[in-house]
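Trainee: Could you take me through the aromatic rings of this protein, and then through what surrounds the ligand? I would like one connected account.

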Amino acid sequence: MLSAVCVGETMAMLTPVHAVPLHLATELHFGIGGAESNVAMGLAAMGLDTHWISRVGNDGFGTRILHDLRDHGVGVAGVEIDHALPTGLYVKVPAQDSDPDGGSSVLYYRQGSAASAMGRDTLSNPAVSTLLENAALIHLSGITAALSPECLSLLEAILTAPRNGRTISFDVNWREALWAGQDRSVLQRLANLADVVLVGKDEAEHAFGTTDEAELRRLMPDPEVLVIKNEAISAISLDRSGTREEVPALSVAVVEPVGAGDSFAAGYLSGMLFGLGQKESLRRGHVAAACTLTVHGDRGPLPDAAELAAILDSSDAAWA
Ligand code: KDG
(Lines give C-alpha, C1' and ligand atoms only; values in the text may rest on other atoms or scores of the structure.)
Protein backbone atom coordinates (compact mmCIF):
# COMPACT_ATOMS: atom_id res chain seq x y z
CA MET A 1 0.00 0.00 0.00
CA LEU A 2 1.18 3.54 -0.73
CA SER A 3 2.38 5.28 2.36
CA ALA A 4 2.23 8.95 3.31
CA VAL A 5 4.27 10.65 6.00
CA CYS A 6 3.41 14.03 7.52
CA VAL A 7 5.99 15.96 9.54
CA GLY A 8 5.19 18.78 11.97
CA GLU A 9 4.09 19.90 15.41
CA THR A 10 0.80 18.99 17.05
CA MET A 11 -0.27 20.80 20.18
CA ALA A 12 -2.80 20.35 22.91
CA MET A 13 -5.71 22.68 22.14
CA LEU A 14 -7.95 24.37 24.70
CA THR A 15 -11.05 26.27 23.70
CA PRO A 16 -13.93 27.78 25.74
CA VAL A 17 -16.90 25.41 25.83
CA HIS A 18 -19.32 28.34 25.57
CA ALA A 19 -18.97 31.20 23.12
CA VAL A 20 -17.65 33.72 25.63
CA PRO A 21 -14.46 35.78 25.76
CA LEU A 22 -11.60 33.76 27.25
CA HIS A 23 -11.51 35.70 30.54
CA LEU A 24 -15.16 34.80 31.18
CA ALA A 25 -14.80 31.11 30.35
CA THR A 26 -15.43 28.66 33.16
CA GLU A 27 -14.91 25.50 31.11
CA LEU A 28 -12.36 24.73 28.42
CA HIS A 29 -12.64 21.86 25.98
CA PHE A 30 -9.40 19.87 25.59
CA GLY A 31 -8.54 18.63 22.13
CA ILE A 32 -5.48 18.48 19.91
CA GLY A 33 -4.50 20.45 16.80
CA GLY A 34 -1.72 20.46 14.28
CA ALA A 35 -1.93 21.18 10.58
CA GLU A 36 0.23 18.28 9.42
CA SER A 37 -1.38 15.72 11.75
CA ASN A 38 -4.79 16.95 10.55
CA VAL A 39 -3.64 16.07 7.03
CA ALA A 40 -2.35 12.71 8.30
CA MET A 41 -5.73 11.85 9.85
CA GLY A 42 -7.47 12.89 6.64
CA LEU A 43 -5.20 10.72 4.49
CA ALA A 44 -5.69 7.76 6.86
CA ALA A 45 -9.48 8.24 6.65
CA MET A 46 -9.16 7.95 2.89
CA GLY A 47 -7.47 4.59 3.12
CA LEU A 48 -3.79 5.47 2.89
CA ASP A 49 -1.12 3.97 5.11
CA THR A 50 -0.24 7.17 6.97
CA HIS A 51 2.40 8.10 9.54
CA TRP A 52 3.23 11.21 11.52
CA ILE A 53 6.77 12.30 12.43
CA SER A 54 7.14 14.70 15.33
CA ARG A 55 8.24 15.12 18.92
CA VAL A 56 6.01 15.51 22.00
CA GLY A 57 6.77 16.07 25.68
CA ASN A 58 6.64 13.31 28.28
CA ASP A 59 3.36 14.70 29.61
CA GLY A 60 -0.40 14.15 29.47
CA PHE A 61 -0.77 16.41 26.43
CA GLY A 62 1.75 14.36 24.48
CA THR A 63 0.11 11.10 25.54
CA ARG A 64 -3.30 12.37 24.44
CA ILE A 65 -1.92 13.42 21.05
CA LEU A 66 -0.42 9.96 20.48
CA HIS A 67 -3.69 8.27 21.49
CA ASP A 68 -5.80 10.47 19.20
CA LEU A 69 -3.54 9.90 16.23
CA ARG A 70 -3.47 6.13 16.77
CA ASP A 71 -7.26 6.15 17.13
CA HIS A 72 -7.47 7.81 13.71
CA GLY A 73 -5.29 5.15 12.12
CA VAL A 74 -2.09 7.20 11.93
CA GLY A 75 1.22 5.46 12.73
CA VAL A 76 3.28 7.15 15.46
CA ALA A 77 6.46 5.06 15.38
CA GLY A 78 8.29 8.17 14.11
CA VAL A 79 7.28 10.33 17.10
CA GLU A 80 9.98 10.96 19.68
CA ILE A 81 9.20 11.60 23.35
CA ASP A 82 11.25 14.47 24.75
CA HIS A 83 11.91 14.07 28.47
CA ALA A 84 13.05 17.66 28.98
CA LEU A 85 10.73 19.85 26.90
CA PRO A 86 6.91 20.11 27.07
CA THR A 87 4.27 19.48 24.42
CA GLY A 88 3.14 22.74 22.81
CA LEU A 89 -0.26 24.19 23.64
CA TYR A 90 -2.63 26.60 21.97
CA VAL A 91 -5.86 28.26 22.99
CA LYS A 92 -8.47 28.86 20.34
CA VAL A 93 -11.01 31.56 21.14
CA PRO A 94 -13.98 31.27 18.77
CA ALA A 95 -15.41 34.36 17.09
CA GLN A 96 -17.87 36.13 19.40
CA ASP A 97 -21.51 36.67 18.38
CA SER A 98 -21.10 40.22 19.66
CA ASP A 99 -18.23 40.74 17.21
CA PRO A 100 -19.33 39.22 13.91
CA ASP A 101 -16.34 40.67 12.04
CA GLY A 102 -13.78 39.20 14.37
CA GLY A 103 -12.63 35.69 13.38
CA SER A 104 -11.53 33.17 15.93
CA SER A 105 -8.21 34.03 17.53
CA VAL A 106 -5.37 31.80 18.59
CA LEU A 107 -2.90 32.08 21.46
CA TYR A 108 0.21 29.93 21.07
CA TYR A 109 2.27 28.51 23.96
CA ARG A 110 4.73 26.62 21.79
CA GLN A 111 8.06 28.43 22.10
CA GLY A 112 10.59 25.94 23.46
CA SER A 113 8.20 23.03 22.86
CA ALA A 114 9.43 19.49 22.26
CA ALA A 115 8.52 19.67 18.56
CA SER A 116 10.27 23.00 18.06
CA ALA A 117 13.53 21.26 19.03
CA MET A 118 13.32 18.83 16.10
CA GLY A 119 16.19 19.29 13.67
CA ARG A 120 18.49 17.50 11.24
CA ASP A 121 19.39 15.10 14.07
CA THR A 122 15.79 13.82 13.97
CA LEU A 123 16.74 12.11 10.70
CA SER A 124 19.29 9.93 12.49
CA ASN A 125 16.46 8.18 14.34
CA PRO A 126 16.15 4.90 12.35
CA ALA A 127 12.34 4.82 12.73
CA VAL A 128 12.14 8.30 11.18
CA SER A 129 14.55 7.65 8.32
CA THR A 130 12.86 4.34 7.42
CA LEU A 131 9.43 6.00 7.27
CA LEU A 132 10.75 8.79 5.06
CA GLU A 133 12.62 6.38 2.75
CA ASN A 134 9.52 4.22 2.24
CA ALA A 135 7.04 7.06 1.73
CA ALA A 136 5.34 7.73 -1.59
CA LEU A 137 4.37 11.17 -0.24
CA ILE A 138 6.02 13.37 2.38
CA HIS A 139 3.84 16.28 3.49
CA LEU A 140 5.45 19.37 5.07
CA SER A 141 4.25 22.84 5.93
CA GLY A 142 5.49 26.38 6.36
CA ILE A 143 4.46 26.30 10.04
CA THR A 144 7.44 24.07 10.84
CA ALA A 145 9.81 26.55 9.16
CA ALA A 146 8.71 29.26 11.60
CA LEU A 147 9.11 27.20 14.78
CA SER A 148 12.91 27.35 15.15
CA PRO A 149 16.13 27.43 13.08
CA GLU A 150 16.51 23.70 13.86
CA CYS A 151 13.04 22.92 12.49
CA LEU A 152 13.86 24.96 9.39
CA SER A 153 17.02 22.91 8.88
CA LEU A 154 14.99 19.70 9.22
CA LEU A 155 12.70 20.83 6.40
CA GLU A 156 15.70 21.80 4.25
CA ALA A 157 17.32 18.40 4.83
CA ILE A 158 14.14 16.53 3.83
CA LEU A 159 13.53 18.73 0.79
CA THR A 160 17.08 18.44 -0.54
CA ALA A 161 17.56 14.68 0.07
CA PRO A 162 17.50 12.48 -3.08
CA ARG A 163 13.82 11.90 -3.99
CA ASN A 164 14.05 8.31 -5.28
CA GLY A 165 10.53 8.55 -6.67
CA ARG A 166 8.97 10.22 -3.62
CA THR A 167 6.74 13.27 -3.92
CA ILE A 168 7.01 16.11 -1.41
CA SER A 169 4.06 18.41 -0.82
CA PHE A 170 4.40 21.73 0.97
CA ASP A 171 1.44 23.66 2.33
CA VAL A 172 2.46 27.27 2.93
CA ASN A 173 0.08 27.46 5.95
CA TRP A 174 0.77 31.10 6.75
CA ARG A 175 0.48 31.79 10.50
CA GLU A 176 0.93 35.50 11.14
CA ALA A 177 1.71 35.09 14.84
CA LEU A 178 4.68 32.83 14.09
CA TRP A 179 6.42 35.04 11.53
CA ALA A 180 6.69 38.33 13.46
CA GLY A 181 10.32 39.48 13.18
CA GLN A 182 11.33 36.46 11.06
CA ASP A 183 12.49 36.30 7.44
CA ARG A 184 9.45 35.07 5.50
CA SER A 185 11.42 34.77 2.24
CA VAL A 186 12.43 31.25 3.35
CA LEU A 187 8.91 30.16 2.40
CA GLN A 188 9.55 30.88 -1.28
CA ARG A 189 12.84 28.99 -1.12
CA LEU A 190 11.23 25.96 0.55
CA ALA A 191 8.26 26.00 -1.83
CA ASN A 192 10.61 25.87 -4.80
CA LEU A 193 12.21 22.72 -3.40
CA ALA A 194 8.85 20.90 -3.20
CA ASP A 195 6.95 19.01 -5.91
CA VAL A 196 3.44 20.14 -4.98
CA VAL A 197 2.75 23.47 -3.27
CA LEU A 198 -0.59 24.46 -1.75
CA VAL A 199 -1.34 28.05 -0.83
CA GLY A 200 -4.45 30.10 -0.11
CA LYS A 201 -4.76 33.44 -1.91
CA ASP A 202 -5.15 35.13 1.48
CA GLU A 203 -1.91 33.47 2.66
CA ALA A 204 -0.06 34.29 -0.56
CA GLU A 205 -0.51 38.00 0.05
CA HIS A 206 1.31 37.72 3.40
CA ALA A 207 3.90 35.14 2.41
CA PHE A 208 4.76 36.32 -1.12
CA GLY A 209 3.28 39.82 -1.37
CA THR A 210 0.90 38.98 -4.23
CA THR A 211 -2.29 37.04 -4.98
CA ASP A 212 -1.80 37.17 -8.73
CA GLU A 213 -1.73 33.67 -10.22
CA ALA A 214 0.89 34.34 -12.90
CA GLU A 215 3.09 36.21 -10.47
CA LEU A 216 2.83 33.39 -7.91
CA ARG A 217 3.89 30.89 -10.59
CA ARG A 218 6.78 33.18 -11.52
CA LEU A 219 7.88 33.27 -7.88
CA MET A 220 7.46 29.48 -7.60
CA PRO A 221 8.55 28.07 -10.99
CA ASP A 222 10.02 24.78 -9.71
CA PRO A 223 7.17 22.74 -8.17
CA GLU A 224 5.48 20.34 -10.58
CA VAL A 225 2.09 21.64 -9.42
CA LEU A 226 1.04 24.84 -7.68
CA VAL A 227 -2.43 24.74 -6.12
CA ILE A 228 -3.97 28.10 -5.30
CA LYS A 229 -7.04 28.08 -3.07
CA ASN A 230 -9.35 31.00 -3.65
CA GLU A 231 -11.29 30.78 -0.38
CA ALA A 232 -14.97 29.89 -0.88
CA ILE A 233 -14.78 30.44 -4.65
CA SER A 234 -12.54 27.82 -6.25
CA ALA A 235 -9.21 26.05 -6.29
CA ILE A 236 -6.81 26.33 -9.20
CA SER A 237 -3.98 24.01 -10.17
CA LEU A 238 -1.16 25.19 -12.41
CA ASP A 239 1.24 22.53 -13.60
CA ARG A 240 4.68 23.03 -15.03
CA SER A 241 3.56 22.20 -18.55
CA GLY A 242 1.25 25.25 -18.39
CA THR A 243 -2.04 23.38 -17.86
CA ARG A 244 -4.52 25.23 -15.68
CA GLU A 245 -7.53 23.62 -14.01
CA GLU A 246 -10.04 25.51 -11.89
CA VAL A 247 -12.74 23.76 -9.85
CA PRO A 248 -15.43 25.70 -7.96
CA ALA A 249 -15.74 25.16 -4.21
CA LEU A 250 -18.87 23.63 -2.68
CA SER A 251 -21.21 26.20 -1.22
CA VAL A 252 -21.74 25.29 2.46
CA ALA A 253 -22.84 27.03 5.67
CA VAL A 254 -19.49 27.64 7.34
CA VAL A 255 -19.41 26.92 11.07
CA GLU A 256 -15.65 27.39 11.49
CA PRO A 257 -12.88 27.55 8.88
CA VAL A 258 -9.99 26.26 11.03
CA GLY A 259 -8.59 23.02 9.62
CA ALA A 260 -10.47 23.22 6.30
CA GLY A 261 -7.20 23.84 4.44
CA ASP A 262 -5.75 20.67 5.98
CA SER A 263 -8.81 18.64 4.92
CA PHE A 264 -8.52 20.12 1.43
CA ALA A 265 -4.87 19.05 1.34
CA ALA A 266 -5.78 15.51 2.46
CA GLY A 267 -8.49 15.22 -0.20
CA TYR A 268 -6.33 16.67 -2.97
CA LEU A 269 -3.19 14.69 -2.08
CA SER A 270 -5.14 11.42 -1.74
CA GLY A 271 -6.43 11.96 -5.28
CA MET A 272 -2.90 12.52 -6.49
CA LEU A 273 -1.66 9.37 -4.72
CA PHE A 274 -4.50 7.34 -6.22
CA GLY A 275 -3.33 8.52 -9.65
CA LEU A 276 -6.30 10.80 -10.38
CA GLY A 277 -6.07 13.89 -12.55
CA GLN A 278 -5.95 17.48 -11.33
CA LYS A 279 -9.70 18.13 -11.65
CA GLU A 280 -10.65 15.00 -9.72
CA SER A 281 -8.06 15.70 -7.04
CA LEU A 282 -9.25 19.30 -6.61
CA ARG A 283 -12.85 18.03 -6.26
CA ARG A 284 -11.78 15.59 -3.57
CA GLY A 285 -10.10 18.51 -1.82
CA HIS A 286 -13.30 20.57 -1.88
CA VAL A 287 -15.48 17.72 -0.55
CA ALA A 288 -13.06 17.04 2.31
CA ALA A 289 -12.82 20.78 3.11
CA ALA A 290 -16.63 21.06 3.18
CA CYS A 291 -16.77 18.28 5.81
CA THR A 292 -14.57 20.39 8.09
CA LEU A 293 -16.08 23.81 7.29
CA THR A 294 -19.45 22.62 8.57
CA VAL A 295 -18.34 21.53 12.06
CA HIS A 296 -16.62 23.05 15.10
CA GLY A 297 -13.07 21.79 15.45
CA ASP A 298 -10.15 21.16 13.16
CA ARG A 299 -11.56 18.12 11.35
CA GLY A 300 -14.92 17.05 10.12
CA PRO A 301 -15.85 13.40 9.88
CA LEU A 302 -14.05 12.84 6.59
CA PRO A 303 -15.55 10.42 4.06
CA ASP A 304 -13.65 7.24 3.37
CA ALA A 305 -12.38 6.51 -0.14
CA ALA A 306 -15.58 4.72 -1.23
CA GLU A 307 -17.93 7.43 0.14
CA LEU A 308 -15.84 10.10 -1.49
CA ALA A 309 -15.92 8.35 -4.84
CA ALA A 310 -19.70 7.92 -4.57
CA ILE A 311 -20.26 11.60 -3.73
CA LEU A 312 -18.05 12.69 -6.59
CA ASP A 313 -19.66 10.31 -9.12
CA SER A 314 -23.20 11.28 -8.17
CA SER A 315 -22.45 14.98 -8.37
CA ASP A 316 -20.57 14.91 -11.65
CA ALA A 317 -23.12 17.15 -13.36
CA ALA A 318 -22.90 19.68 -10.54
CA TRP A 319 -19.17 20.10 -11.15
CA ALA A 320 -19.44 20.36 -14.90
O1 KDG B 1 -4.76 24.25 10.27
C2 KDG B 1 -5.19 24.09 11.60
C3 KDG B 1 -4.04 24.47 12.47
O4 KDG B 1 -3.87 25.85 12.41
C5 KDG B 1 -4.22 24.12 13.91
O6 KDG B 1 -4.46 22.75 14.04
C7 KDG B 1 -3.07 24.53 14.77
O8 KDG B 1 -1.18 23.64 13.64
C9 KDG B 1 -1.73 24.60 14.10
C10 KDG B 1 -1.08 25.89 13.98
O11 KDG B 1 0.14 25.91 13.96
O12 KDG B 1 -1.75 26.91 13.89
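Trainee: Please start with Phe 264: is this residue buried or exposed?

Mentor: Phe 264 is buried: its relative accessible area is 4%, and the cut-off for buried is under 20%. Keep in mind that this is a predicted model. Tyr 268 has a relative accessibility of 0%, so Tyr 268 counts as buried too. Both residues belong to helix 10, which covers residues 260-273. They are four residues apart there, about one turn of the helix.

Now to how rings pair up. The count of aromatic pairs comes to four. One of them joins Tyr 90 and Tyr 108, with 6.2 Å from centre to centre and 45 degrees between the planes, and it is tilted. This pair links distant parts of the chain, 18 residues apart: Tyr 90 sits in strand 7 (residues 89-93) and Tyr 108 in strand 8 (residues 105-109). Tyr 90 is buried, at a relative accessible area of 6%, whereas Tyr 108, at 24%, is partly exposed. For Phe 264 and Tyr 268, the ring centres are 6.4 Å apart and the planes are at 5 degrees, so this pair is stacked.

Ala 35 has a backbone N or O atom 3.0 Å from an oxygen atom of the ligand. From Tyr 90, a polar side-chain atom lies 3.4 Å from a ligand oxygen atom. For Tyr 108, an N or O atom of the side chain is 2.5 Å from an oxygen atom of the ligand. On its own the ligand has 320 Å² of accessible area, and the protein covers 95% of that.

Last, the nonpolar cores. The largest has 45 residues, and those with the most contacts inside it are Val 7, Leu 140, Phe 170 and Phe 208. Helix 5 (residues 149-160) gives the largest share of this core, six residues. A second, separate core holds 42 residues, among them Ala 44, Ile 65, Val 74 and Ala 288.

Technical notes. Residues numbered from 1 in each chain as written. Predicted model: local features only at pLDDT ≥ 70, side-chain atom pairs only at ≥ 80, totals over all residues. Heavy atoms only, no water. Core = buried A, V, L, I, M, F, W, Y, C linked by side-chain atoms within 4.5 Å. Buried < 20%, exposed > 50% of the residue type's maximum accessible area, 1.4 Å probe, protein only. Helix = DSSP H or I, 4+ residues; strand = E, 2+ residues; numbered from the N terminus. Polar contact = N/O pair within 3.5 Å; in protein donor to acceptor, adjacent residues only side chain to side chain. Areas by Shrake-Rupley, 256 points an atom, 1.4 Å probe, with all protein chains shown as cover. Phe/Tyr/Trp six-rings, centres within 6.5 Å; stacked < 30°, edge-to-face > 60°.
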